[in-house]
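Here is a friendly briefing to read alongside the model. Have the viewer open and follow the topics in turn.

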Amino acid sequence: MRYDLLRILLVDDNHYMRVLLSEILRAIGVKEIHEANDGAEGLQMMRNHAVDIVMTDLSMQPLDGIDFVRLLRNSPDSPNQMCPVVMITGHSTMQRVAEARDAGVNEFLAKPLTARGVIERITQIVENPRPYVRAGDYFGPDRRRRQDPNHEGPWRRASDAAQQKAAPEDK
């Protein structure tokens, strides 16, 4: 993978976490790294610079990572609704993971950070991108990680029409 071509935005109110992430990214060859102190500054940074991937902390003030992602995905003046987002947090409870996923986060990375974890999330985003979907009030990456050929329903998405026709009749 050509890490040197990636443009990454780090959004975190902790200066030392941004330094750590920057060092990891530079070590793997990323050359263009932008930084923001919170979600509001991150959105403005995205208006001023082309960004391929956002890596954001969950807990920030005044605009936290989840609110940042909601604005990125749903705001009419969003700088890039489809920019992949990696949520980084030390609060990796199932509730927070679900909240981040439902906001439209692509990948989740728990602290403490490792170079391997950062590389795995970036690789996942670049090599296995998920399609974006709009369903009700959700817009973001398809939350289904894999297609299950044995899934028998219920089929709830319009894109599942082909599977609906191929599925056996309800008994």
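Arg-70 and Asp-67 sit three residues apart in helix H3, which puts about one helical turn between them. This is a predicted model: local features need pLDDT of at least 70, side-chain atom pairs count only at pLDDT 80 or more, and totals for chains, interfaces and linings use all residues. Residues are numbered from 1 along each chain as its sequence is written, and side-chain values use heavy atoms, with hydrogens and water left out.

*Salt bridges*
- Arg-70 and Asp-67 join their side chains in a salt bridge at 3.4 Å, N to O (a side-chain nitrogen of Lys or Arg within 4 Å of a carboxyl oxygen of Asp or Glu).
- Arg-70 is partly exposed at 36% relative accessible area, and Asp-67 is partly exposed at 31% (buried means under 20%, exposed over 50%, partly exposed in between, with a 1.4 Å probe and protein chains only).
- Arg-96 and Glu-99 form a salt bridge at 2.8 Å, N to O; they lie three residues apart in helix H4 (residues 94-103).
- The count comes to nine salt bridges.

*Helix H3*
- Helix H3 spans residues 65-74, and its buried residues include Ile-66, Phe-68 and Leu-72 (helices are DSSP runs of H or I, at least four residues, numbered from the N terminus).
- Seen down the axis of H3, the buried residues fall within an arc of 155°, so they line one face of the helix (the arc is that of the directions from the helix axis to the C-beta atoms).

Terms used:
Helix = DSSP H or I, 4+ residues; strand = E, 2+ residues; numbered from the N terminus.
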